[in-house]
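Here is a short note to read alongside the coordinates.

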Amino acid sequence: MAKAPRTQFICQNCGAVHQRWAGKCDSCGEWNTLIEEGTAGGIGAGPASLRSVRKGRAVALTSLAGDIEDAPRIISGIGELDRATGGGFVRGSALLVGGDPGIGKSTLLTQAAAALARQGHRIVYVSGEEAVAQIRLRAQRLGVAHTPVELAAETNVEDILATIADGKRPDLVILDSIQTLWTDLADSAPGTVTQVRASAQAMIRYAKSTGAAVVLVGHVTKEGQIAGPRVVEHMVDGVLYFEGEGGHHYRILRTVKNRFGPTDEIGVFEMSDKGLREVDNPSELFLGERHAKSPGAAVFAGMEGTRPVLVEIQALVAPSPLGTPRRAVVGWDNARLSMVLAVLEAHCGVRFSQHDVYLNVAGGYRISEPAADLAVAAALVSSLTGLALPADCVYFGEISLSGAIRPVAHAQQRLKEAEKLGFAKAVLPLAGARSGEEISGDTGAGHFRPAELADLVARIAGSRRSRAPDDE
């Protein structure tokens with residue numbers, strides 16, 4: 001006899017199942033995230049074919065050694081998109097793309113679909129949020145309305161699978177978005193954890209069984225994470241975040257997970273009225289409006305995956321009228337700023353306790369690597385002393401709590417990118433790189449390689465005395 005339907009309460013943040021409602025989820029600690037959802041057979045219920053008990057079959061075991069074949073890919077021809085995906089869309093893979101509303105996810109995917117359709121691939125674009133007429137208007141604005149992309153506006157997973165099964169197998173299926181899909185296998189409303197997980201599982205199963213690449217678009221929460229259970233991110237083969245600030249015209253496609261390529265890669269685009277344009281040299285974009293003679297500005301030579309990126313870090317240190325000075329950060333880690341300030345006070349004698357500190361990464365860019373510590377410290381000291389840093393110098397290095405400057409990886413690549421853009425000097429760790437990498441060639445001339453942060457502070461403060469005779 002089949003089990004009677006029962007009610008469960010599922011957390012919409014982590015997907016944990018509760019037997020009764022509570023204000024707080026015991027698994028993730030979030031409040032007011034438990035939603036009542038009905039099931040047709042209790043926990044773990046699913047299709048009858050999946051619930052039926054069958055005898056297991058033996059699978060073949062093999063060794064680690066053997067021939068390795070590269071995953072077959074579909075190259076879109078959009079260089080920045082192919083870079084972020086690791087060389088193109090892998091056949092039979094599922095990709096999750098997230099981003100803020102209006103950031104340009106649909107625009108990017110429409111351009112990618114049109115580029116692939118021009119190459120003769122069968123591309124199916126299914127939208128659950130927009131009508132076909134809206135997609136056509138976007139295609140006309142982008143100038144790709146003549147490309148043979150197949151469109152549909154549907155939210156039922158079974159209907160979508162039946163539609164794309166007709167004719168030739170599609171090379172790429174785009175679903176916008178996963179939160180709008182629903183399947184007959186789940187009784188809950190669209191957008192809930194059960195529906196999102198079941199719909200994603202059905203589309204991933206289709207991709208693996210047919211060899212078609214599937215791209216799922218995901219909504220983003222206020223915290224910047226893809227909405228829905230994190231288990232969806234574990235189910236897919238790759239996760240991309242489309243980032244950008246509303247006041248800036250550039251967009252960054254950042255890879256946070258990729259089973260078929262490197263992570264931490266980025267693709268940089270510029271938004272215009274004709275769609276997204278590739279930016280081949282992001283450093284020129286982030287340094288385009290730089291004022292070289294203003295105090296508190298330091299150029300950081302960073303790495304995003306395999307790509308070096310130069311960006312300006314701006315600091316403003318001003319006397320504070322408050323008992324507790326302000327600490328405001330845009331584009332960097334607030335806790336790491338507090339650590340750098342503490343090291344400057346404890347080991348270098350630079351006092352910030354009576355000053356407000358504002359830190360900004362120019363262009364709305366976001367920095368995650370600790371190699372920016374040295375550039376931040378230089379910008380802070382420059383703003384406090386009112387002394388501008390050399391315009392032709394870049395900074396990179398990690399600061400330890402003892403005040404020592406630790407080496408970072410890819411020092412040679414950072415210096416080559418800086419030299420390409422006209423920077424003749426660099427302040428970098430004494431050891432070169434974590435892996436023992438040495439600075440080769442003529443790039444070592446004119447560089448300053450302090451062992452302690454106090455050496456850099458003394459050098460910046462000493463520039464006041466060296467300029468005094470000229471000022472008089």
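**Notes on the predicted model**

1. The UniProt record, an unreviewed entry, carries a "binding site" annotation. That annotation covers Gly99, Asp100, Pro101, Gly102, Ile103, Gly104, Lys105 and Ser106.

2. **Two residues of that site.** Asp100 sits in the loop between β6 (94-99) and α3 (105-118). Pro101 is found in the loop between β6 and α3 as well. Buried or exposed: what is Pro101? Pro101 is exposed, at 75% relative accessible area. Asp100 has 34% relative accessibility, so Asp100 counts as partly exposed. Setting aside residues up to four places away in sequence, Asp100 touches Lys105, Val220 and Phe242.

3. **Strand β9.** Look at β9 (residues 172-176). Here 5 of the 5 residues are buried, so the strand is largely enclosed by the rest of the structure. Leu172, Ile174 and Asp176 point one way. Val173 and Leu175 point the other way. Note that Asp176 is among the buried residues.

4. **Neighbours of β9.** Strand β7 (residues 123-127) runs parallel to β9, joined by 5 bridges. Ile123 stands opposite Leu172 in that pairing. Strand β10 (residues 213-218) also pairs with β9 in the parallel sense, over 5 bridges. There, Leu175 has Leu216 as its bridge partner. Which hand does the unit of β9, helix α6 (residues 193-210) and β10 have? This β-α-β unit is right-handed.

5. **A crossover to check.** β17, helix α9 (residues 334-348) and β18 make a β-α-β unit that is left-handed. Please look at this one in the viewer. Strands β17 (residues 327-330) and β18 (residues 355-361) run parallel and are joined by 4 bridges. Val330 stands opposite Asn360 of β18.

6. **Nonpolar cores.** The largest nonpolar core has 62 residues. Leu344, Tyr365, Leu380 and Leu453 touch the most other members. Helix α10 (residues 373-385) gives the most to this core, with 8 residues. A second, separate core holds 28 residues, including Leu95, Tyr125, Ile174 and Leu276.

7. **Contacts of Leu453.** Leaving aside neighbours within four places in sequence, Leu453 is in contact with Val343, Leu344, Cys348, Leu374, Ala377, Ile399, Gly403 and Ile405.

8. How many salt bridges does the structure hold? There are 17 salt bridges. One of them pairs Arg254 with Glu243, the closest N and O atoms being 3.2 Å apart. Arg254 lies in strand β12 (residues 250-258) and Glu243 in strand β11 (residues 238-243), so this pair ties together parts that are 11 residues apart in sequence. Arg254 is buried at 12% relative accessibility, whereas Glu243 is partly exposed at 23%. Glu270 and Arg277 meet in another salt bridge, with an N to O distance of 2.0 Å. I would check that distance. Arg277 is partly exposed, at 46% relative accessible area.

9. The side chains of Lys420 and Glu417 form a salt bridge at 3.3 Å, N to O. Why are they about one helical turn apart? Because they are 3 residues apart in helix α11 (residues 411-420). Lys420 is exposed at 60% relative accessibility, while Glu417 is buried at 7%.

Definitions and conventions. Residues are numbered from 1 along each chain as its sequence is written. This is a predicted model: local features need pLDDT of at least 70, side-chain atom pairs count only at pLDDT 80 or more; totals for chains, interfaces and linings use all residues. Side-chain values use heavy atoms; hydrogens and water are left out. UniProt positions are given in the numbering used here, feature names are shortened, and annotations may be inferred rather than shown by experiment. Helices (H or I, at least four residues) and strands (E, at least two) are DSSP runs, numbered from the N terminus. Buried means under 20% relative accessible area, exposed over 50%, partly exposed in between (1.4 Å probe, protein chains only). Contact means heavy atoms within 4.5 Å. Two strands pair if DSSP finds at least two bridges between them. A crossover is right-handed if, with the strands pointing away from the viewer, the path from the first strand over the helix to the second runs clockwise. A nonpolar core is a set of buried Ala, Val, Leu, Ile, Met, Phe, Trp, Tyr and Cys residues joined through side-chain atoms within 4.5 Å. A salt bridge is a side-chain nitrogen of Lys or Arg within 4 Å of a carboxyl oxygen of Asp or Glu.
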